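Dear colleague,

I am passing the structure below over to you, together with notes on what came out of going through it. Please read the notes with the coordinates open beside them.

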Amino acid sequence: MTLDDSQTAAAQEFILSAVRLIQTGAKEEVVRTHFASHLRSMFPDAPNWLEEHIQGGEATVQIGQNGLTRTRFIDNLVGLTTIEYEPNLTTPSSFQGGLEQVQEHCAGLLRRGEDRELIIGILSDTIRWYAYAIEEVDDVPLAGLEARHVHLRQIDDVDEAPHSG
């Protein structure tokens with residue numbers, strides 16, 4: 001995909017403002033809403049995924065946890081791509097907590113019968129993006145499937161944070 005000059009300018013404006021938000025410790029909701037508010041200016045042709053992203057906020061999945069079924073909210077679900085936003089992925093606890101949530105979301109999608117080959121898990125703070133595929137699922141009954149039974153493999157990453165040097 002090639003961006004025109006206005007889209008490039010919109011993306012650059014978003015990146016600079018998002019970096020400022022992340023660096024000043026903005027909460028996850030602020031970071032996520034900021035991103036969503038810039039999507040239409042970066043993608044004015046409104047690709048199909050854009051509406052799904054905007055309307056797919058706070059989707060739910062059922063997960064297994066210690067033998068019980070729990071409901072979890074997915075920040076955004078676009079098709080079978082689960083997106084978990086965290087306020088700052090340079091913070092190890094944020095990264096680890098977010099990755100555990102991606103694992104839960106993938107398990108929840110599997111529990112509802114989705115094809116593991118089609119599920120993608122994304123972890124992002126809107127500047128850094130990490131994509132995961134399901135590498136392996138332990139041999140347990142679907143009703144007993146928990147996040148710990150789902151093993152992810154990172155398949156891609158993008159870091160748009162300005163780097164010095």
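The side chains of Arg40 and Glu51 are joined in a salt bridge with an N to O distance of 2.7 Å, where a salt bridge is a side-chain nitrogen of Lys or Arg within 4 Å of a carboxyl oxygen of Asp or Glu. This pair links distant parts of the chain, since Arg40 belongs to helix H2 (residues 28-42) and Glu51 to helix H3, 11 residues apart; helices (H or I, at least four residues) and strands (E, at least two) are DSSP runs, numbered from the N terminus. Arg40 is partly exposed, with a relative accessible area of 43%, and Glu51 is also partly exposed, at 28%, on a scale where buried means under 20% relative accessible area, exposed over 50% and partly exposed in between (1.4 Å probe, protein chains only).

Before going further, please note that this is a predicted model, in which local features need pLDDT of at least 70 and side-chain atom pairs count only at pLDDT 80 or more, while totals for chains, interfaces and linings use all residues. Residues are numbered from 1 along each chain as its sequence is written, and side-chain values use heavy atoms, with hydrogens and water left out.

The structure holds 10 salt bridges. Among them, Arg148 pairs with Glu146, the closest N and O atoms being 3.1 Å apart; here Arg148 counts as exposed at 58% relative accessibility, whereas Glu146 counts as buried at 10%. Another joins Glu117 to Arg116 at 3.9 Å, N to O, with Glu117 exposed at 60% and Arg116 partly exposed at 30%. Glu28, Glu29, Arg32 and Asp75 are linked in a network of salt bridges.

Turning to the sheet, six strands form an open arrangement in the order E1-E2-E3-E4-E5-E6, with mixed pairing; two strands pair if DSSP finds at least two bridges between them. Strand E1 (57-65) and strand E6 (150-159) stand at the edges with a single partner strand each, so one side of each is left without a neighbour in the sheet. Neighbouring strands are turned by 40° against each other on average, direction ignored, with axes taken as lines fitted to C-alpha atoms, for helices over the stretch in contact, and angles running from 0 to 180 degrees between N-to-C directions.

Strand E3 is largely enclosed by the rest of the structure, because four of its five residues are buried. E2 and E3 run antiparallel and are joined by three bridges, with Ile83 in E3 as the bridge partner of Asn76. In the hairpin of these two strands, which has two residues between them, Gly79 takes a positive phi near 60°. On its other pairing, E3 (residues 81-85) runs parallel to strand E4 (residues 120-124) over five bridges, and Glu84 stands opposite Leu123 in E4. Helix H4 (residues 92-111) packs on the sheet, touching E1, E2, E3, E4, strand E5 (128-137) and E6, and its direction makes about 80° with that of E1; contact means heavy atoms within 4.5 Å. Helix H3 (residues 48-55) lies across E1, strand E2 (68-78) and E3, running at about 135° to E2.

Lastly, Gln7 lies in helix H1 (residues 5-23) and is buried, with a relative accessible area of 8%. A polar atom of the Gln7 side chain lies 3.0 Å from the backbone oxygen of Met42. Leaving aside residues up to four places away in sequence, Gln7 touches Thr2, Ser41, Met42, Phe43 and Pro44.

With best regards

Technical notes: Polar contact = N/O pair within 3.5 Å; in protein donor to acceptor, adjacent residues only side chain to side chain.
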